[in-house]
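Subject: A structure for you to look at

Hello,

Here is the structure I promised to hand over. Please open it first, and then read my notes on what was found in it.

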Amino acid sequence: MSKGILFVLSGPSGVGKGTVCSALRGKLPDLVYSVSATTRSPRQGEVNGVNYFFKTRDQFLDMMQNDQLLEYAEYVGNYYGTPRDFVEKTLESGNDIILEIEVQGALQVKQKFPEGVFIFLLPPSLDELKDRIIGRGTENQATIDHRMTVAVDEINLMQHYDYAVVNDQIDCACKRIESIIIAEHCKIKK
Ligand SMILES: Nc1nc2c(ncn2[C@@H]2O[C@H](COP(=O)(O)OP(=O)(O)O)[C@@H](O)[C@H]2O)c(=O)[nH]1
Ligand SMILES: Nc1ncnc2c1ncn2[C@@H]1O[C@H](COP(=O)(O)OP(=O)(O)O)[C@@H](O)[C@H]1O
């Protein structure tokens, strides 16, 4: 049996990664989603083990030291990381998996899985990005400003990715990502 394909979806905070991934879940039930570990506090409605594995800083450092993370990064004052075992087992069992992670982590994954497919989600404009973060209502003003500064740095690293997808409308962005997934399955492996 052939191995599954590893997809990585990155993009600035507020661009719509979570929204697009939820929409993809409805359309591609066989695509597996990696649940990350984080030291960030849960937002209202977020569930441990579903949105994230919420960890204390010490628990997270333990996971790092025990090599349980495929990659990790510090982002706007918190740690985020991908549990390694789940990704490896999913791929071994022949299923595709998608990681929704920021750029520093994505570049670490690229070192370990150069055969992975790296997709960058872009906002229609920076003004629209800011409106979406404000509209979501989960961040205070200082965090919004910090996330906007990081966003510009992240967009500057887009050339390390294989595909750029603009999230103008959720349905269109999903369709583009679905097309990428289909194309990657049709690719002749060199
Ligand atoms: N490197 C890395 N980044 C992650 C991971 N999980 C989430 N992120 C990224 O961390 C950033 C902040 O995530 P979050 O606090 O949930 O904010 P949001 O993406 O704006 O909803 C986003 O860019 C996520 O894609 C992970 O396991 N590793
Ligand atoms: N294509 C879109 N058009 C308008 N608003 C969107 C679109 N995609 C996402 N949003 C909204 O933008 C906000 C941020 O989306 P979210 O999925 O939380 O982003 P991320 O996971 O990238 O931080 C949410 O309020 C969401 O409803």
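Helices (H or I, at least four residues) and strands (E, at least two) are DSSP runs, numbered from the N terminus. With that in hand, the span of residues 4-182 is 44% helix and 21% strand, and its end C-alpha atoms lie 13 Å apart. UniProt, in an unreviewed entry, places the feature "domain: Guanylate kinase-like" at residues 4-182. UniProt positions follow the numbering used here, feature names are shortened, and annotations may be inferred rather than shown by experiment.

Please keep in mind that this is a predicted model, in which local features need pLDDT of at least 70, side-chain atom pairs count only at pLDDT 80 or more, and totals for chains, interfaces and linings use all residues. Residues are numbered from 1 along each chain as its sequence is written, chains are lettered from A and ligands numbered from 1 in the order in which they are written, and side-chain values use heavy atoms, with hydrogens and water left out.

Let's start with ligand 1. Which residues are closest to ligand 1? They are Ser-13, Ser-36, Arg-40, Tyr-52 and Tyr-80, out of 19 residues that surround ligand 1 (a residue is near a molecule if one of its heavy atoms lies within 4 Å of it). This shell divides into five nonpolar, six polar and eight charged residues. Here Ala, Val, Leu, Ile, Met, Phe, Trp, Tyr, Cys and Pro count as nonpolar, Asp, Glu, Lys and Arg as charged, and the others, Gly among them, as polar. Both β5 (69-75) and β6 (78-83) supply at least two residues of the shell.

Now for the polar contacts (pairs of N or O atoms within 3.5 Å). A nitrogen atom of ligand 1 is 2.7 Å from a polar side-chain atom of Glu-71. Oxygen atoms of ligand 1 lie 2.8 Å from a side-chain N or O atom of Arg-147 and 3.0 Å from a polar side-chain atom of Arg-43. Taken alone, ligand 1 exposes 560 Å², and the protein buries 96% of that (accessible areas come from the Shrake-Rupley method with a 1.4 Å probe).

Next comes ligand 2. It is surrounded by 14 residues, the closest being Gly-14, Lys-17, Gly-18, Thr-19 and Arg-136. Of the shell around ligand 2, three residues are nonpolar, seven polar and four charged. An oxygen atom of ligand 2 is 2.9 Å from a polar backbone atom of Gly-16, while nitrogen atoms of ligand 2 lie 3.3 Å from a side-chain N or O atom of Arg-132 and 3.5 Å from a backbone N or O atom of Ile-170. Taken alone, ligand 2 exposes 570 Å², of which the protein buries 74%. The elements giving two or more residues to this shell are α1 (17-27) and α5 (126-136), and α1 gives the largest share, three residues. Gly-14 lies in the loop between β1 (6-10) and α1.

Finally, UniProt's unreviewed entry lists Gly-11, Pro-12, Ser-13, Gly-14, Val-15, Gly-16, Lys-17 and Gly-18 under "binding site".

Enjoy exploring it!

Technical notes. Polar contact = N/O pair within 3.5 Å; in protein donor to acceptor, adjacent residues only side chain to side chain.
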